[in-house]
Amino acid sequence: MTTQQKIASAFAFLAVLLVGVPLLISATGRSDLYYTLTSVALLSIISAGVWLTFYIGRINIGQGAFALMGGYVSAILVTQYGVSFWLTLPIAGLLCAAASVLIGLPILRLRGVYFAMVTLTLSEVARLTALAVPITNGAKGIVNIPLPSRLTIFGITLIPDFATLANPRLAFYVTSVLLMALCYLALYRLVNSRIGRICQSLQQNEELASSIGVNISYIRILAFAISSFLGGIGGAMFAAITQSMYPSSFGVADSINFMLNCFLGGLGYVLGPMLGTFVLYFGWDLLFQTGVFQLLIYSSILIILMLVLPNGLLSIRLPRQKQS
Amino acid sequence: MEQVIANGLYLGAQYALIALGLTLIFALMNVLNFAHGQMYVLGGFVTYTVYGQLGLPFPVAVLCSGVTLAAVGAIIEKFLFGPVIKRSAREESTMLLAAAIAFFIDAIILLLFGEKQRGVPKIINGVFISDIIIMPYDRIAVGVVAAAMIAAFVLYMQYSRPGRAMRALAQDRVAAQLMGVNVDRYSMIGFALGAMLAGLVGGLLVSITGVNSGIGGPISIKAFLMVMIGGAGVVGGAIAGGFILGMMESVGLTLLRNFGDVTYLVIFVLLMIFLSIRPNGLMGKPWG
Amino acid sequence: MPDILEISGLTKRFGGLVANNDISFTVKEREILSVIGPNGAGKSTLFKLIASFVSPTSGEVCFRGQRISGLAPHKVARMGVVRTFQETTIFKTMTVRDNVIIAHHLRSRANLAGFFFGTRTAQQDEAEFARSTDEIIDFLGLGAYRHELASNLPHGHLRALGIAIGLATNPQVLLLDEPFAGMNHEETRRAIEIVRGVRERGVTVLLVEHDMPAVMNISDRIVVLNFGQKIAEGTPQEIQENPTVIEAYLGAEDEALGI
């Protein structure tokens, strides 16, 4: 695909999402789909973060902790300090990035299963901390978070107050899709630039990368920080949409799901996490019909999938790119 | 003070058993058994059924837990982990499989036993009271049994033929194969053994703390913490990790009681600092 | 010619094993110096110490008067001391061209953000890297494989690629770890030409090798190690006539021959 073709496809995709889908929903009256699709968009942002850590050769099962942290940062700033939601979005991301730098410094040199273990415990510890620390209001969580307020720059209203909108769901949907597009665009650019090559060199041979002057620790921490940033903003948006935040909002199971999203979508492709999130989320949702058997069937399908396709979904779709 | 130590020891013995199971599986197959906590819960529920519901003697119930989990472990290894490990070059696949299995066992437990907390009648009534410590008899009994099991396990691994085969396998897979160790068979035995240990602890502890379907995940995490502290893949490390975590929990619960449940946050921060200095845990095989 | 590298009292212990014991020598700028010795003499460890992939137990390595031992390896590479690897170490899933382009990392004037946003400096860098890459690829005779996946290269060319990667960093000192290993006569002859060419470009070359004829042919000076210690230093002529060296090698050869 040439660059022009890629740009055209991207625009077409966005058009479908931003225009086609709302038309479809208003025609069929399924406005509950807004929440579903918004969730998919946000979860794919968070999963993209996990994908980036895969890209530097680490298995990250701790993203739930950063989503949780991002959500709480936004919730606390909005409810207790009256900060505009739109400002809390980048703040949440940056604070998560900062936290990940602190955590990353000792653990990023670990590899494989060891690194995965540490990040897994991070997910659980985040939940326990949210339960224990007073500022997060413990198990009761933070509720009744007001809808995002107006965003004005120089007196011009860029984004109206969500409370004034007739259909805030549509507004959240549009915001999330745009955010997702932005994130994936940035990720795509990152991966195809020199930085992406450097990460690849890290992944393949750390010693050789060192010998050509790549500062391995720095790159790893940078990637991890960006990854957590994505987790943070995803979590913050979730807080705004669900208007609540509980210690159980993001936990170990979610971290595992983010990893699953990446894996299923294919670890070699930037759009992998988006596809994986979509499939898994709708898969899980569809299974809701089965009631108590939902988890059983879901996990069985996953097990079968692992047995049959140990290398992810997209690896079968684009065989010509499957070189490794 | 002595009370704290006594509690720590008691907890430590249980935790060490859990960690031993996990580390054995890790040493043999380089697989992190995410479902370890769920196996513990399953063991608890089996004992609950056999001892609590059917009224059979407690030791029989615990034995049933062990056997059930050994069977479950063997099946999982032979039909799930074994094939996937052979087919896939990526570590993520086995990890995701482990996660999926954990979900699966969680689902089964929910379906069979529901969400409620279950308990069983005390196995020994009464409390040991002295000037320095107070400890219910059943805890002492369970602690002693756990310690005995740890000793038995260590001896088994050290001196028995399967034990030696498994240790060879853990050290160097290829060399072990060349020496005639049936890798497939011993992987299965090892996994079954690891699962059995988890089941046994579950069975023992259901008599004291009860069991419910939701604690599987957190227990897996605790097991990982122990293995990280003590070092993955090493028997001594698992035991050390188990006792250290037990002790830290005991200390934390007593000292930090006023600050809310920050015990685990503190443990985690300490772990971060510890891992910066010693990334492989106390005795671990170099990894990474 | 001034000294570009100064190795003083370099010792490395791994637990009880002393891999390098009190090794000292200097390297003159733009010379080709070979380090030889029987197997297990400690040559690889010496290389790792010089490029700072390993820290010395005692002693130091100085580059143009500045201490480099103990610094992080990527920093030492930045300063101009670059190492190639003993195994055929390249980036397997990238093309030959990409392998060399990415090795230009050290020459970039733009920073990471610049590369992300595609600033003018970054674009200039990319253009320069492309030009330099093509030049280096041609210099090493890899032109035909330019767009080939690195893992598909035949063995001799993998070595050349390793050297290309080293050259791309614009080094002042290049450490070649067994560059002639596994090569036949013809390939070795070509490789010797390449190493000479590298020196012509102004690079000081340090090499570890087993191929004696090649070493004698190409080196200005030779350092001989045995059992972790330096036993001789001098021109190829001097080394060939040095009784200690002959004994060290004869003894080893006897073992190899089973006498």
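In this predicted model, Phe14(C) sits across from Leu17(C), a residue of strand E2(C).

Now for how the chains meet, starting with A and B. Here 39 residues of chain A are in contact with 42 residues of chain B. On the chain B side, four helices each put in at least two residues: H3 (58-87), H4 (91-113), H9 (216-230) and H11 (263-277). The top contributor is H4(B), which brings 15 residues to the side of chain B that touches chain A. As for what this side is made of, its residues split into 29 nonpolar, seven polar and six charged.

Chain A also meets chain C, in a contact that draws 19 residues from chain A and 20 residues from chain C. On the chain A side, helices H6 (168-192), H7 (194-204) and H8 (206-211) each hand over at least two residues. H7(A) gives the most to this side, with six residues. Sorted by class, the side of chain A that touches chain C holds nine polar, seven nonpolar and three charged residues.

Key: Residues numbered from 1 in each chain as written. Chains lettered and ligands numbered in written order. Predicted model: local features only at pLDDT ≥ 70, side-chain atom pairs only at ≥ 80, totals over all residues. Contact = placed C-beta atoms within 7 Å. Nonpolar A, V, L, I, M, F, W, Y, C, P; charged D, E, K, R; others polar. Pairing = 2+ DSSP bridges.
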